[in-house]
Amino acid sequence: MGGFVDAALSFPTVLFTPMLVVVVGFWLVVVVGGADPDAGSEAGDTGPLDFAGLGGVPASISVSLLIAFAWFASLAGGEFHGPIPLWAVLIAAVAVAWVLTRLLVIPLRKMLPDGPDASRADFVGLTCIIRTGRVTDTFGQAEVHAPDGSSAIVQVRQAGADDLRAGSEALLYDFDPDGEFFWVVPTDIATRGH
């Protein structure tokens, strides 16, 4: 065990050892629910990780992988460097870590969602088809189709006394988060009375 500790605390590995301890501590806190691995990651945010080809996933993942690979590469290189100077091992460890992290980030980008979470408020402004016999200020359902092709049955209400029956088309113009329903009006309301 003494050989491992000596190797972990010798140059160049000693530069990455404290960072690896912080990474392991961070992920332990994430596992117990004390931290969010996505914190600070904004959709469309470009930064140094994007410039280095490591963007597209939360920074905590890219940085953690980079540090872990650099630590392992410097540990192995420090033990088996032979005539190669240790400063060259440090540079090689960082290069190897970047390549390995880049190779892992590419498939991870495809597995992680790339936009904000879907919300019911995304339906506001879309048309729907009434699916209940009528819509009142306390009752009604409609089917709405999202731009991605999916459909949903949503609760709807109307403030007026329009004749909204099964099969008629309406416009979702507002969402009530407390009642969890949409306010609707007939789609032809703008052309009435002309």
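A contact here means heavy atoms within 4.5 Å. This is a predicted model, so local features need pLDDT of at least 70 and side-chain atom pairs count only at pLDDT 80 or more, while totals for chains, interfaces and linings use all residues. Residues are numbered from 1 along each chain as its sequence is written, and side-chain values use heavy atoms, with hydrogens and water left out.

**Stop 1: Phe123**

Select Phe123. Leaving aside residues up to four places away in sequence, Phe123 touches Val144, Ala146, Ala152, Val154, Leu172 and Phe182. Now widen the selection to the largest nonpolar core, which has 15 residues. A nonpolar core is a set of buried Ala, Val, Leu, Ile, Met, Phe, Trp, Tyr and Cys residues joined through side-chain atoms within 4.5 Å. Buried means under 20% relative accessible area, exposed means over 50%, and partly exposed lies in between (1.4 Å probe, protein chains only). The members that touch the most others are Phe123, Cys128, Ile130, Val156, Leu172, Phe182 and Val184. Colour the strands next. At least two residues of this core come from each of β1 (127–130), β2 (141–145), β3 (151–157), β4 (169–176) and β5 (181–186). Strand β4 gives the largest share, three residues. Another core lies apart from this one; it has 11 residues, including Ala7, Ala8, Val23 and Ala97.

**Stop 2: the whole chain**

Zoom out and show the cartoon. The protein chain has five helices and five strands. Helices (H or I, at least four residues) and strands (E, at least two) are DSSP runs, numbered from the N terminus. Their order from the N terminus is α-α-α-α-α-β-β-β-β-β. Of the 194 residues in the protein chain, 27% are buried. Take contacts between residues at least 6 apart in sequence: 54% of them join residues at least 24 apart. Accessible areas come from the Shrake-Rupley method with a 1.4 Å probe; for residues, only the protein chains shown count as cover.

**Stop 3: the annotated spans**

Residues 15–35 are 81% helix and 0% strand, with end C-alpha atoms 25 Å apart. Residues 84–105 are 91% helix and 0% strand, and their end C-alpha atoms lie 30 Å apart.

**Stop 4: a nonpolar patch**

Select Phe4, Val5, Leu9, Phe11, Val14, Leu15, Trp87 and Ile91. They make a nonpolar surface patch of about 760 Å². Patches are made of residues with over 30% relative accessible area and no salt bridge; like charges are joined within 9 Å, nonpolar side chains (Val, Leu, Ile, Met, Phe, Trp, Tyr) within 5 Å. Helices α1 (2–8), α2 (13–31) and α5 (86–111) each give two or more residues to the patch. Centre on Phe4, in helix α1. Phe4 is partly exposed, at 44% relative accessibility.

**Stop 5: the salt bridges**

A salt bridge is a side-chain nitrogen of Lys or Arg within 4 Å of a carboxyl oxygen of Asp or Glu. The count by this rule is two. Select Arg131 and Glu143: their side chains meet at 2.8 Å, N to O. Arg131 sits in the loop between β1 and β2, and Glu143 in strand β2, 12 residues apart. Arg131 is partly exposed at 43%, whereas Glu143 is buried at 17% relative accessibility. Finish on Asp163 and Arg165, whose side chains form a salt bridge at 2.7 Å, N to O. Asp163 is exposed, with a relative accessible area of 55%. Arg165 is partly exposed at 49%.
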